[in-house]
Amino acid sequence: MAIDVSKIIHAVMEGSKIRESKGIIPLFGVYLSLFSVYYYNRLSFEFEIKMGKQREAEAKTLLIEAAQECGYATFQGIRDSWEWQQVVAPMVENKKDQIFGFVAVAVAFGWGDLAVAELVPGQKLVLRASDSYEASGYLEQYGAAKSGKCYMLRGVTAAFMDLVYGGDYPDGCFTFAAQEPCCRVKGDPYCEFIAQRSSD
Amino acid sequence: MTIFDWQSELNRDGHRVVISGQPIAMHCHHYNINLQKTLEETLGAEGVQLLYRSAEETNYNSLQHLFNQYKKIRTLKSKLEMASLLFQNCGLGIIHFRKVRPHSAYIASSSSHHVTGWLAKHGRRETPGCHFTRGWIAGALEVIYQRPLGFYIVEERRCKMKRDEECVFHVKER
């Protein structure tokens with residue numbers, strides 16, 4: 001059975017309208033917040049600017065690693081959740097399907113129109129997005145750039161592979177690392193994320 | 001009184017998620033707290049300021065947009081009520097505008113996404129840590145009192161991340 005993206009999006013949208021009495025959204029095993037993409041973009045890109053040219057590489061690494069670590073914990077929580085068991089698990093027949101399920105949740109969260117372009121089990125994952133909020137936000141605020149700017153999605157792509165093919169949780173984080181060879185901020189038609197084993 | 005129909009404001013525009021037409025992202029406490037920790041540890045006070053200013057500016061623009069849409073919301077009371085509803089419905093927590101004047105304010109939060117997230121991931125901290133909420137409050141009051149960005153300073157006097165009973169914020173003019 002293929003993963004039904006619209007079913008997952010529907011479940012996230014309905015779930016995100018439910019709050020408990022403390023104003024917290026507990027959904028898919030995590031505490032969810034809804035906030036403007038402008039905030040996240042400003043944090044990332046101004047952080048990079050404040051770190052300066054000399055610490056540019058360090059800034060990128062920190063942002064990507066923060067996202068990968070978060071993606072690893074977040075999607076583990078999601079995979080363990082009651083909602084996943086009810087909505088997604090019945091559609092999952094193999095490990096590859098888990099990746100498709102994760103991507104559907106990321107789309108539901110408003111991170112971009114992500115799609116799997118290639119998946120080699122245990123080896124490689126290629127995701128593409130023609131409208132990630134990071135690239136769109138960067139283009140709007142700063143214009144074109146010479147290197148990719150979708151740090152969150154880059155980390156998350158690797159985290160998906162870590163969770164499915166990286167060994168038992170919590171020891172599998174950073175088994176994979178992702179690159180972003182194409183990004184709309186560089187003039188490419190879409191952003192592309194390629195996760196492969198870190199040692200490759 | 002129905003201030004605004006929250007359920008109908010949260011929507012999808014294709015693959016985007018929007019609140020009143022403005023694009024938003026759903027993120028969980030892992031990411032929000034990881035970002036905060038990264039900025040605090042790497043840039044120190046400058047990182048804290050970046051968190052504060054980003055929340056302030058973003059909330060200023062978001063609320064401005066909402067108030068422009070809901071022209072019937074004109075009184076201080078209804079504007080504060082709408083701001084609290086927005087905070088709560090975005091999963092950010094509960095905020096109580098206890099004493100609000102044009103030149104100063106006293107605000108408390110009995111629960112917040114960032115407190116819950118920080119305590120779940122890192123436990124108690126030694127210093128107040130609700131930089132996001134401080135910025136969010138500054139932006140809200142600047143819109144409500146039609147002041148420019150940066151007009152108010154928000155200090156957190158008590159913080160649940162330090163295991164105080166509630167987070168308490170004092171607002172004054174810069």
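Colleague: How many of the 15 residues of H7(A) are buried?
Modeller: This is a predicted model, and in it helix H7 covers residues 151-165 of chain A. The helix is largely enclosed by the rest of the structure, because the buried residues number 15 of the 15.

Colleague: What distance does H7(A) reach from its first C-alpha to its last?
Modeller: H7(A) has 15 residues, and at 1.5 Å a residue 21 Å is expected. The reach in the model is close to that, at 21 Å.

Colleague: Which residue with a positive phi follows H7(A)?
Modeller: The phi in question is near 95°. The residue that has it is Gly167(A).

Colleague: How many nonpolar residues does the contact of H3(A) with H7(A) have?
Modeller: The crossing of these two helices is right-handed. H3(A) contributes residues including Leu63(A), Ile64(A), Tyr72(A) and Phe75(A), and H7(A) contributes, among them, Met152(A), Val156(A), Phe160(A) and Leu163(A). By class, the contact has 5 charged and 4 polar residues, and the nonpolar ones number 13.

Colleague: Are H2(A) and H3(A) roughly parallel or roughly antiparallel to each other?
Modeller: H2(A), residues 37-51, packs with H3(A) at an angle of about 150°, the axes being 8 Å apart. Angles over 145 degrees count as roughly antiparallel. The two helices are therefore roughly antiparallel.

Colleague: How many nonpolar residues are in the contact of H1(A) with H5(A)?
Modeller: H1(A), residues 5-15, and H5(A), residues 95-108, pack at an angle of about 50° with axes 9 Å apart, and they are therefore oblique to each other. Their crossing is right-handed. H1(A) supplies Val5(A), Ile8(A), Ile9(A) and Val12(A), while H5(A) supplies Gly101(A), Ala104(A), Val105(A), Val107(A) and Ala108(A). No charged residue and 1 polar residue take part, and the nonpolar ones number 8.

Colleague: Is Leu139(A) exposed or partly exposed?
Modeller: Leu139(A) lies in helix H6, residues 133-142, of chain A. Leaving aside residues up to four places away in sequence, Leu139(A) touches Arg184(A) and Val185(A). A residue counts as buried with 20 or more other C-beta atoms within 10 Å and as exposed with 12 or fewer. Leu139(A) has 15 such atoms, so the residue is partly exposed.

Colleague: How far apart in space are Leu139(A) and Ser81(A), C-alpha to C-alpha?
Modeller: In sequence, the two are 58 residues apart. In space, C-alpha to C-alpha, they are separated by 36 Å.

Colleague: Which element gives the most to the side of chain B that touches chain A?
Modeller: The contact takes 43 residues from chain B and 39 residues from chain A. Elements of chain B that each supply at least two residues include E1, E3, H2 and H5. With 10 residues, the element that gives the most is H2(B).

Colleague: How many polar residues does the side of chain B that touches chain A have?
Modeller: By class, this side has 18 nonpolar and 3 charged residues. The polar ones number 22.

Colleague: Which strand of chain A do the buried residues of H5(B) pack against?
Modeller: The buried residues of H5(B) are His113(B), His114(B), Val115(B), Thr116(B), Gly117(B) and Trp118(B). In chain B they pack against H2, E4, E5, H6 and E7. In chain A they pack against strand E2.

Colleague: What end-to-end C-alpha distance does H4(B) have?
Modeller: In H4(B), residues 76-89, the buried residues include Met82(B), Leu86(B) and Phe87(B). At 1.5 Å a residue, the 14 residues should span 20 Å. The end C-alpha atoms agree with this, since they are apart by 20 Å.

Notes. Residues are numbered from 1 along each chain as its sequence is written. Chains are lettered from A and ligands numbered from 1 in the order in which they are written. This is a predicted model: local features need pLDDT of at least 70, side-chain atom pairs count only at pLDDT 80 or more; totals for chains, interfaces and linings use all residues. Axes are lines fitted to C-alpha atoms, for helices over the stretch in contact, and angles run from 0 to 180 degrees between N-to-C directions. Helices (H or I, at least four residues) and strands (E, at least two) are DSSP runs, numbered from the N terminus. A crossing is left-handed if the near helix is turned anticlockwise from the far one by less than a right angle, and right-handed if clockwise. Two residues are in contact if their C-beta atoms, placed from the backbone, lie within 7 Å. Ala, Val, Leu, Ile, Met, Phe, Trp, Tyr, Cys and Pro count as nonpolar, Asp, Glu, Lys and Arg as charged, and the others, Gly among them, as polar. The expected span of a helix is 1.5 Å times one less than its number of residues. Angles under 35 degrees count as roughly parallel, over 145 as roughly antiparallel, 65 to 115 as roughly perpendicular and the rest as oblique.
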